[in-house]
Each structure stands twice: as C-alpha cells, then as structure tokens.
Amino acid sequence: MASHHEGRMNGGAMMASTSQVELRRLSLGYGAVIAVDEVDLRIERGSFCTLLGPSGCGKTTLLRSIAGLAAPRSGDILIDGVRVNDIPIHRRNIGLVFQNYALFPHKTVFDNVAFGLKYRAVDRESITRRVTQALEVVRLPGVEKRFPAQLSGGQQQRMALARAIVIQPDVLLLDEPLSALDANLRQDMRIELKNIQRELGITTVFVTHDQEEALAISDCVVVMNRGRIEQAGSPESVYGRPQSRFVADFLGRPNVLAAEVLGASDGVLELRLGNGASLRAPGTVSLSIGSRLEVVIRGDRLALEPPSAIRAPGRLRGRVSSVSFLGATAAYLIDADGLPLRAVAAASADMPREGADVHISVRPEDCALFDLQGARIG
C-alpha cells in the first residue's frame with residue numbers, strides 16, 4: 001500500500017512530491033505475537049498521514065518502529081531515502097508526542113520544551129529564541145516560567161507539541177495525543193493540530209482509533225487490521241470506496257445486506273435481498289445468476305420518503321422502529337419488511353417519527369458489493 005499526495009508549500013517553495021518515510025516489507029513482533037506483518041507504505045513529504053484501526057491492530061507498534069523505539073524483525077525503514085533500522089532514536093531527528101505527553105513535572109515549560117535542544121549542542125541564545133518561537137507556533141506564548149501542573153490539559157498538549165517541533169524534526173510522530181482531552185477541546189485541538197502541521201510543513205504520522213478524527217484531519221488514512229494494511233488513501237476514497245468489509249464496517253457502521261444476483265443489464269446488477277425486495281447495484285464485473293454476495297450501504301446514503309404506492313427496485317418499504325435526535329441530524333432504525341436498516345438524515349420539523357411508514361430509496365452508485373470472504377467486488 002502507498003499513500004500519494006501532491007507537493008506542499010514549505011518556507012514559500014514548492015517541494016517535490018516524494019516519499020519521505022518508506023516502509024518495505026516491515027515486520028515486528030513480541031515473542032510469538034506478530035504485531036506488524038510485512039507492511040509496505042510510503043508517506044509523502046509534508047503530508048499528514050493517520051494510522052487508524054482498533055486496539056491491537058499494530059498502529060502504535062508501527063509508529064514506534066519509525067521512531068526507533070521498536071526494532072523490526074525484518075524489512076526496512078527509510079527516511080529521506082536512508083535506511084534507519086540501525087540508527088538510534090536520538091539520531092533520527094524525530095519529533096514525538098506520546099498519549100500521556102511525558103512531560104517533566106519538576107521542570108518549567110521552558111525547560112520542558114528546550115529539553116531536546118540541550119542534547120544537540122545548541123547555544124543558549126538560540127535555545128531561547130527557538131523555544132519562544134515554538135511556543136508562539138502552538139499559540140502558547142508567555143508561559144515559559146510555569147510548570148506543567150499549572151496548565152490545562154489542552155495547554156499541556158500544546159506544550160508537548162512545542163517540545164516535539166522545537167528540534168525542527170524531519171518527521172513528527174503523534175501517538176493518540178488528543179485522547180486525554182474532553183470532546184469539545186479535542187475537536188478544537190484537532191483543527192489546531194492540522195493548522196500547525198500545514199504551517200510548518202512537517203511530515204506527520206498520527207495514530208488514532210477515532211474514525212471521525214482520522215477523516216477530519218488527514219491527507220492520507222491508513223486503515224490497519226491484525227498487523228496489516230487493509231487500505232490506504234485519501235479520507236474520501238477510504239470512506240467512500242472501501243476495499244474490504246473490514247474497512248466498510250470500521251468507518252461508519254453501514255448496513256450490510258445479504259443478496260443474490262438475479263441478472264444484469266447495461267452495467268447494472270439486479271439483486272434480491274433476504275426479504276424478497278429487489279435492489280440495483282453497479283455491475284462492473286461478471287457475476288453468474290444465483291451468486292451470493294453482500295451489499296454495503298452507508299446510512300447517510302439512504303433517502304427517506306413518504307410512503308406511496310410505488311414499489312420498484314431500489315425503493316424499499318419500511319416502518320420506523322426508533323428515532324435518535326442528534327442535533328443537526330437524526331438516526332433512524334427502520335424495519336424494512338424484516339430487514340433492519342440504519343439511516344441518518346437531516347433533522348427537521350417534519351422528519352419521520354417512531355411508528356411512521358416510510359419508503360427508502362437507494363441509488364445503485366451508493367451500493368458497494370463484497371464477496372462472502374469480505375473482498376470488494378468491482
């Protein structure tokens with residue numbers, strides 16, 4: 001798998017779109033456990049790349065290997081085209097922010113941020129200037145003499161980020177740095193983090209298990225499962241065109257419907273669902289009549305309409321079982337003649353209520369097809 005991005009502005013000059021971090025058949029493990037299994041990945045210079053997946057999928061281990069905190073069993077790690085497998089962490093020029101920030105409670109903000117510079121033979125005047133600049137970049141000026149305990153959670157997160165960027169790293173690694181923040185502050189900080197990354201142009205690798213977070217701030221999303229990469233690409237492509245059932249399920253809890261092929265014409269498949277209703281989906285591959293597969297449809301792609309006498313392919317009949325008001329949107333659970341469907345639509349005064357009869361329209365292009373082993377069809 002590879003992530004591909006256009007060149008970005010850095011210091012006013014356009015940089016060529018070349019890989020800054022490259023992993024080649026990388027494997028890592030602990031004892032008999034394989035944590036990362038022959039991963040291939042390219043991360044483009046100046047991009048914001050997110051490793052996304054459930055707990056235990058290998059994303060943090062992969063990040064630690066780039067940092068030099070976990071030694072590969074096999075394969076290569078390249079930064080700027082140089083193999084760094086045997087180069088220790090302090091010589092890789094990596095900025096690293098941990099989940100718990102790893103701040104020194106007995107040191108001032110200034111000394112925390114300056115920590116990495118003191119081991120790089122930087123003179124005192126330059127240290128002062130660079131620490132001041134780093135704190136300004138993270139919107140935290142004038143706190144140099146405070147201690148971590150005197151700062152809020154969001155300010156501590158910014159301080160940890162300042163400490164990581166003050167060394168002017170080639171690559172910035174972030175291991176779930178927002179997980180300790182409350183929901184509102186987390187949303188604010190994800191925007192701030194992306195703005196800072198764009199301003200500095202630092203190639204950034206971000207680890208999270210939060211799907212919304214990954215989609216909101218990334219140039220490239222790498223979805224991992226059981227030590228392997230399931231899919232890598234732009235947020236739009238990973239969400240809108242999942243290449244496996246795992247990716248489809250992990251990003252958004254879609255509807256998964258068992259179906260049988262009835263026929264095909266003009267590039268459209270005619271499908272029969274488990275409740276006998278018919279559905280249409282893009283037929284870009286040759287499937288024999290009677291083939292069984294799964295149709296995946298995201299809830300926000302289902303259009304709810306008032307009931308009518310019309311019943312045609314792609315138009316299902318149902319009754320609203322429950323409605324959850326979510327503010328700007330509402331989530332519906334619908335019984336479609338025995339098939340449970342989840343739908344999400346804009347909330348309004350005339351939105352369907354519990355017990356209401358509805359028709360659900362499904363466009364062929366909003367249906368993704370998978371074989372019974374979970375691989376994308378077409």
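On a 1 Å grid over the protein atoms alone, a cavity is a set of points where a 1.4 Å probe fits but cannot get out, while a pocket is an open set with protein on both sides within 12 Å along at least five of seven lines; a residue counts as lining if it has an atom within 4 Å of a point. Grid points are joined across faces, edges and corners, and a volume is the space filled by probe spheres set on the points. With that in hand, this structure holds one cavity of 30 Å³ or more.

Some ground rules on where the values come from. What you're looking at is a predicted model, so local features need pLDDT of at least 70 and side-chain atom pairs count only at pLDDT 80 or more, while totals for chains, interfaces and linings use all residues. Residues are numbered from 1 along each chain as its sequence is written, and side-chain values use heavy atoms, with hydrogens and water left out.

Now the overall layout. The protein chain has eight helices and 23 strands, taken as DSSP runs (H or I over at least four residues for helices, E over at least two for strands) and numbered from the N terminus. Its C-alpha atoms fill a box of roughly 80 × 50 × 45 Å along the principal axes. Of the 378 residues, 48% are buried; buried means under 20% relative accessible area, exposed means over 50%, and partly exposed is in between (1.4 Å probe, protein chains only). As for contacts (heavy atoms within 4.5 Å), take those with a separation of 6 or more: 66% of them join residues 24 or more positions apart.

The largest cavity has a volume of about 30 Å³, and its lining consists of L161, I165, L172, L193, I196, Q197, L200 and I202. The elements giving two or more residues to that lining are α4 (153-165) and α5 (183-200), with α5 giving the most, four residues. By class, the lining has seven nonpolar residues, one polar and no charged. The classes work like this: Ala, Val, Leu, Ile, Met, Phe, Trp, Tyr, Cys and Pro are nonpolar, Asp, Glu, Lys and Arg are charged, and the others, Gly among them, are polar.

Both of those helices turn up again around α3. The buried residues of α3 pack against α2 (109-114), α4 and α5. They are S126, I127, R130, V131, A134, L135 and V137. An α-helix has 3.6 residues a turn, so residues three or four places apart point the same way. The length of α3 also checks out: at 1.5 Å a residue, its 14 residues (124-137) should span 20 Å, and the end C-alpha atoms are 20 Å apart, which agrees. That expected span is 1.5 Å times one less than the number of residues.

The largest pocket has a volume of about 480 Å³. Among its 16 lining residues, I94, F115, G116, R120 and I167 lie nearest the centre. β8 (94-97) and α4 are the elements that give two or more residues to this lining, and β8 has the largest share, three residues. The lining divides into 11 nonpolar, three polar and two charged residues.

The second largest pocket has a volume of about 320 Å³. It is lined by 20 residues, and G240, E365, C367, A368 and R376 lie nearest its centre. Here α7 (235-240), β16 (292-297), β22 (368-370) and β23 (376-377) each supply at least two lining residues. The classes come out as 10 nonpolar, three polar and seven charged.

Helix α1 is worth a stop too. Seven of the nine residues of α1 (59-67) are buried, so the helix is largely enclosed by the rest of the structure. One of them is K59, with a relative accessible area of 5%. Leaving out residues up to four places away in sequence, K59 touches L51, L52, G53, P54, E176, V207, T208, H209 and M224. After α1 comes G68, with a positive phi near 100 degrees.

Most residues other than glycine have a negative phi. Q168, in the loop between α4 and β9 (171-175), has a positive phi of about 55 degrees although it is not a glycine. R253 also has a positive phi, near 45 degrees, and is found in the loop between α8 (245-250) and β13 (255-265). Q168 is exposed at 53% relative accessible area, and R253 counts as exposed at 58%.
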